[in-house]
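Open the model in your viewer and keep the sequence beside it. This tour goes from a pocket to a metal site and then to a sheet.

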Amino acid sequence: MNQTPSPARAVIVPVTPLQQNCTLLWCEATRRAVVVDPGGDVDKIQAAIAQADVTVEKIWLTHGHVDHVGGADELREALGVAIEGPHIADQFLLGNVVSSGAMFGLTGVRNFTPDRWLADGDRVSVGELTFNVLHCPGHSPGSVVFYSPLMRFALVGDVLFNGSVGRTDLPGGSHPTLITSITTKLLPLGDDIGFICGHGPGSSFGQERLNNPFLTGEA
Ligand SMILES: [Zn+2]
Ligand SMILES: [Zn+2]
């Protein structure tokens, strides 16, 4: 049996007191990496980059909440790389990172503008890997999901969790919009798609379609 080795590897670095799953993901062929959602604890992220011995070429953001973006500008400056994402509908959040950080007790965070806003249907790449961008509003208006058809894998931010879905009580949130994003954009991609989410353990779309109480109608 020939088994193709996975073209990518990922390491999760939990950051901030909210234990956000900052993800260092890299292309095995080129050792080129992306940091997804550097919410804070930039020294911890830098240590993970050194440990993995990879070259970071991008920062990707799933959405504008402070626990996902609080360290983005500092890391961009330190690494000299571009920030891609989220969707421009989260612009109001990126202009209020400092004030929302104060609400959650997060200091040392910065307001910033990304180098590239992302829209539904865009593609982003790192090394030889390409991800499709899906605009999935509801948790925040500008939430995006990064999806690799080849690897059957997605980075979903706070759109969907193992056994739950994103909160929708923050500015711009909408529960019906969130459920529509999940059921019309994510679940049709296939039960076999595995995902890393913004908090807690990952799962697969099939596992969530069958058991997640917010999707089965039990919640
Ligand atoms: Zn969030
Ligand atoms: Zn979060």
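A pocket, on a 1 Å grid over the protein atoms alone, is an open set of points where a 1.4 Å probe fits, with protein on both sides within 12 Å along at least five of seven lines; lining residues have an atom within 4 Å of a point. Grid points are joined across faces, edges and corners, and a volume is the space filled by probe spheres set on the points.

This is a predicted model: local features need pLDDT of at least 70, side-chain atom pairs count only at pLDDT 80 or more, and totals for chains, interfaces and linings use all residues. Residues are numbered from 1 along each chain as its sequence is written, chains are lettered from A and ligands numbered from 1 in the order in which they are written, and side-chain values use heavy atoms, leaving out hydrogens and water.

**Stop 1**

The largest pocket has a volume of about 350 Å³. Select His-65, Val-66, Asp-67, Phe-104 and Leu-170: of its 19 lining residues, these are the closest to the centre. Now colour helix 2 (66-69), helix 4 (91-94) and helix 5 (97-103), the elements that each give two or more residues to the lining. Helices here are DSSP runs of H or I with at least four residues, strands are runs of E with at least two, and both are numbered from the N terminus. Helix 5 gives the most, with 3 residues.

**Stop 2: the zinc site**

Select the zinc ion (ligand 2). Its protein donors are Asp-67 (OD), His-68 (NE2), Asp-158 (OD) and His-199 (NE2), lying 2.0 to 2.4 Å from it. Donors are N, O and S atoms within 2.8 Å of the metal (3.2 Å for Na, K and Ca); water is not among the atoms, so sites may look incomplete. Next, show the zinc ion (ligand 1): the two ions are 3.5 Å apart, and Asp-158 coordinates both. His-68 lies in helix 2 and Asp-158 in the loop between strand 9 and strand 10 (160-161), so the pair ties together parts that are 90 residues apart in sequence.

Are His-68 and Asp-158 buried or exposed? Buried means under 20% relative accessible area, exposed over 50%, partly exposed in between (1.4 Å probe, protein chains only). His-68 is buried, at 0%. Asp-158 is buried too, at 5%.

**Stop 3: the sheet**

Show the open sheet of 6 strands, in the order 6-7-8-9-12-13 with mixed pairing. Two strands pair if DSSP finds at least two bridges between them. Strand 8 (residues 144-148) and strand 9 (residues 153-157) run antiparallel, joined by 3 bridges. Finish on Phe-146, which stands opposite Leu-155 in strand 9.
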